[in-house]
Amino acid sequence: MEEMSNRPRKACDLCYTRKIKCDGQKPRCSNCINYATDCTHTVLSRKSKPRAQRSSGTKKTNDVQSLQAEVQRLKSELAQNRDQHQAQNLTRGLEETIIGMHVDDEHYENNDQTVSSMQLPPLQQAMAMIGIFLNTFNAVLPLFHADTLLCLVGECYACQPGQRDPVVWAAINVVFALASQQVPGGASNARSQYQTDQTTGYLDKAQSVISTVMLGETRLLNIQVLVGIVMVLQTAHNLTPSLILISATMRLVHRLGLHNHAASTHLDPVQRRQHVRVFWLAYILDKDLSLRTQQPSVQLDDDIDVQLPSSLPTTNNDNDNTAGIVITADGGARMNYFLARIKLANIEGRVYDSLYSTRAVNRSLEERRNAKESIVNALDEWRASIPPEFSASMVTSSTRNKPVYGGFFCVLHSTSLQCMALVSRAHAWDGQWVSGLRNHSRGVQTLQLPPAWDTIVHQARNYMVLFREIWSKDAWFRWMTSCPYTTAMVLLTANTLYDSWHDKIQLDIELIDSALLWLNEAMKENQSTEAQALRETCVEAVRTVKQRLAEGITTSFSNHGLLNYPDMLEPFYMYTRTEGV
């Protein structure tokens, strides 16, 4: 430990202990004002090292200078997506964090020539990854408060690997994993595989201390780590790990009282807001995974007493006060993506309760009908709340300055479509629906269409266009959006049989053909007899439609009478279930 001296120093106690630059303003320096602390000068100064020892810090000084250059790059990048005041606040935090940092982990050696397992990548690389995270994922789903995250990173890098807090270390690795998912893939398979390996590597590091995160002192940071891990795991084909972990996470959410505003009344506004955000993120995951796996969620809607995020924040007291808000490239429209996702998660919970819950079995026919109508009305209201600029048909062009948003909106619109298809019993994995479509294409059975058919078809068409525009085989959201895409293909196939002469028939056939090619490739990766049967049904139906168009024969359906869907609301569990739907 360094010796202490009685010589005066300019830095206050806060700046001195945190190793950040102090401007020496009176009566309080800028940093003490920002951190809302008293500006005191009680800690003694360290005795200056001999010249020989000081020379060893030359490289460290050079590293700091190069990192400050990286801060300037991040400042320019962030300023493109935030107003200037917010950008200055965020990058000031980066500058303060970097001052006085230790050298990279790769240069650290202890007396035994071994390095602790809690290593981190070089600081310059870390700052780049944090900039990506804050500017992409965290901008729409605010898992971390930006300034708080930067302080955690600074404190963690200021410690040697063996002295780091494992929960903080896990949190940083979760941020890296989520950021890695948002980096655009390269043209080569090797580049895509590298990014996948990077995400997996960071996730594995975070999971290596998961027992400490779950069984240690319950803090908000612990829950943020678990929520972040689930966010990564839910993008995989196998949902079992994410389903198990979100259940445990919700128990810790309840222990900390995040679902009840009374538990956070003693906190300052920034902390209170972050508690609310983390709760709603956990809620989204809980309801979404419940519906996708057809298993009960943990959180009861009747046991929630926290406010929804503000629809359009109007104050600028904090540099992430507008987190969750998406703005079009021309600045003409905005929406709260985070709020829309929460409201849709609530509808997902109602869909599960209506179709899969145990009590749904005991409901009367009228109760089931009313529940279905209520959900359909809720979906209609939800879609009406989405500005046209952010609809599936327009979002890629209206947010062309932020192409990364495409994946988030693909998840949003795919979830909406899947809810509608489920309550209408017209999704790709409903055995009765697919069987009816196959038999109708062969002319042996009447095809029964659900109510609001035109609305469903319109949704399916727009979603398929969006999916085709942004999907790639290494996209982080591919497993979350694939089943709704298959459902959309089946819906358009049914519509071409219903009306082979509507004005969008050529576009629909093109979209179906593209989806069939996509399904062929997907089946190479994951073999499924159900997917094979589904593909054959669609191929047969499209062949029939193309033959009609080629022959120019209008087939009369007057003898078939396409019926409104009858009130057959038997529980959905009677038909084939496929995990991941």
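Student: Is Phe390 buried or exposed, and what is its relative accessible area?
Tutor: This is a predicted model, in which local features need pLDDT of at least 70, side-chain atom pairs count only at pLDDT 80 or more, and totals for chains, interfaces and linings use all residues. Residues are numbered from 1 along each chain as its sequence is written, and side-chain values use heavy atoms, with hydrogens and water left out. A residue is buried under 20% relative accessible area, exposed over 50% and partly exposed in between (1.4 Å probe, protein chains only). Phe390 is therefore buried, its relative accessible area being 0%.

Student: How many aromatic pairs are there?
Tutor: Rings of Phe, Tyr and Trp (its six-membered ring) pair if their centres lie within 6.5 Å; planes under 30 degrees apart are stacked, over 60 edge-to-face, and the rest tilted. Under this rule, the number of aromatic pairs is 20.

Student: Why is the pair of Phe133 and Phe137 stacked?
Tutor: The ring centres of Phe133 and Phe137 are 6.1 Å apart. Because their planes stand at 15 degrees, the pair is stacked.

Student: Which parts does the pair of Phe390 and Phe409 tie together?
Tutor: Phe390 and Phe409 form a stacked aromatic pair, with 5.7 Å centre to centre and 10 degrees between the planes. Helices (H or I, at least four residues) and strands (E, at least two) are DSSP runs, numbered from the N terminus. The pair ties together parts 19 residues apart in sequence, because Phe390 lies in the loop between α17 (365–385) and α18 (395–398) and Phe409 in helix α19 (residues 405–423).

Student: Which residues does Thr415 touch, not counting those up to four places away in sequence?
Tutor: Thr415 belongs to helix α19 and is buried, with a relative accessible area of 9%. Contact means heavy atoms within 4.5 Å. Apart from residues up to four places away in sequence, Thr415 touches Asp288, Arg341, Leu344 and Glu348.

Student: What is the angle between helix α6 and helix α9?
Tutor: Axes are lines fitted to C-alpha atoms, for helices over the stretch in contact, and angles run from 0 to 180 degrees between N-to-C directions. The axes of α6 (residues 123–135) and α9 (residues 166–182) lie 8 Å apart, and the helices pack at an angle of about 70 degrees.

Student: Are α22 and α24 roughly parallel or roughly antiparallel?
Tutor: Angles under 35 degrees count as roughly parallel, over 145 as roughly antiparallel, 65 to 115 as roughly perpendicular and the rest as oblique. Helix α22 (residues 478–498) and helix α24 (residues 529–551) pack at about 30 degrees, with their axes 9 Å apart. Therefore α22 and α24 are roughly parallel.

Student: Where is Pro27 placed?
Tutor: Lys26 and Pro27 are joined by a cis peptide bond, with omega about 5 degrees. Most peptide bonds, by contrast, are trans. Pro27 has its place in the loop between α1 (13–18) and α2 (30–34).

Student: Is Ala452 buried or partly exposed?
Tutor: Ala452 has a positive phi of about 55 degrees although it is not a glycine. Ala452 is located in the loop between β5 (448–449) and α21 (453–470). Because its relative accessibility is 40%, Ala452 counts as partly exposed.
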